[in-house]
Amino acid sequence: MEDFAFYADLKDLDISDQQLIKRAQEATRFSYAPYSNFFVGAALLLQDGTIVIGANQENVSYPLCMCAERVVLYNMAIQHPAKQILKMTVVARKNEEFVPATCCGACRQVMLEFELRQKRNFEVIMLGADQKWIKCSAVSVLIPFQFEF
């Protein structure tokens with residue numbers, strides 16, 4: 001796979017990707033977003049088929065908020081520390097409509113750390129601004145000038 005693949009419709013992705021996106025969509029129901037009304041869900045597919053979900057959590061003091069991507073990664077690290085990530089999906093909804101959203105820079109850096117820790121790339125799937133699904137072959141392609149020691 002190239003660094004990025006683009007899909008015009010959800011049905012164009014394979015069944016595994018579609019199922020993971022559905023779980024991320026379901027995860028948006030656990031978002032706490034009373035200030036932005038921007039509900040984000042994330043889902044991880046682990047090497048053994050386990051799916052872990054997470055959702056964004058806001059706070060009146062915005063810097064204390066936590067994105068769905070970091071919630072799901074930290075949850076996975078505690079609940080399944082020995083398992084590797086194969087894929088991650090991230091979706092967002094405003095009201096009841098799913099809208100484009102890609103990972104912020106802070107989340108990309110945290111995602112990269114998980115990729116480096118497991119010494120194995122994982123795919124990332126998001127809905128782009130042009131309403132096309134973006135499938136990335138690795139987190140490292142999302143953050144080309146990463147910070148690392």
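This is a predicted model: local features need pLDDT of at least 70, side-chain atom pairs count only at pLDDT 80 or more; totals for chains, interfaces and linings use all residues.

Reader: Why is H2 called roughly parallel to H3?
Author: Helix H2 (residues 68-79) and helix H3 (residues 105-118) pack at an angle of about 25°, and their axes are 9 Å apart. Angles under 35 degrees count as roughly parallel, and H2 is therefore roughly parallel to H3. The crossing of the two helices is left-handed.

Reader: Which residues of H2 and H3 make the contact?
Author: H2 contributes Glu-69, Arg-70, Leu-73, Tyr-74, Met-76 and Ala-77, while Ala-106, Cys-107, Val-110, Met-111, Phe-114 and Arg-117 come from H3. By class, the residues of this contact are 9 nonpolar, no polar and 3 charged.

Reader: How many aromatic pairs does a search of the whole structure find?
Author: The search finds 2 aromatic pairs. One of them joins Phe-4 and Phe-6.

Reader: What makes the pair of Phe-4 and Phe-6 stacked?
Author: The ring centres of Phe-4 and Phe-6 are 6.5 Å apart and the planes stand at 25°. Planes under 30 degrees apart count as stacked, so the pair of Phe-4 and Phe-6 is stacked.

Reader: Why is the pair of Tyr-74 and Phe-114 called tilted?
Author: The angle between the planes of Tyr-74 and Phe-114 is 45°, with 6.3 Å from centre to centre. Planes under 30 degrees apart would be stacked and those over 60 edge-to-face, and the rest count as tilted; the pair of Tyr-74 and Phe-114 is therefore tilted.

Reader: What parts does the pair of Tyr-74 and Phe-114 tie together?
Author: Tyr-74 lies in helix H2 and Phe-114 in helix H3, so the pair links parts that are 40 residues apart in sequence.

Reader: What relative accessibility makes Leu-73 count as buried?
Author: Leu-73 has 0% relative accessibility, and because buried means under 20%, Leu-73 counts as buried.

Reader: Which residues does Leu-73 touch, not counting residues up to four places away in sequence?
Author: Leu-73, which lies in helix H2, touches Leu-44, Ile-85, Met-88, Val-110, Met-111 and Phe-114 on that count. Of these, Val-110, Met-111 and Phe-114 are among the H3 residues that make the contact with H2.

Key:
Residues are numbered from 1 along each chain as its sequence is written. Side-chain values use heavy atoms; hydrogens and water are left out. Axes are lines fitted to C-alpha atoms, for helices over the stretch in contact, and angles run from 0 to 180 degrees between N-to-C directions. Helices (H or I, at least four residues) and strands (E, at least two) are DSSP runs, numbered from the N terminus. Angles under 35 degrees count as roughly parallel, over 145 as roughly antiparallel, 65 to 115 as roughly perpendicular and the rest as oblique. A crossing is left-handed if the near helix is turned anticlockwise from the far one by less than a right angle, and right-handed if clockwise. Contact means heavy atoms within 4.5 Å. Ala, Val, Leu, Ile, Met, Phe, Trp, Tyr, Cys and Pro count as nonpolar, Asp, Glu, Lys and Arg as charged, and the others, Gly among them, as polar. Rings of Phe, Tyr and Trp (its six-membered ring) pair if their centres lie within 6.5 Å; planes under 30 degrees apart count as stacked, over 60 as edge-to-face and the rest as tilted. Buried means under 20% relative accessible area, exposed over 50%, partly exposed in between (1.4 Å probe, protein chains only).
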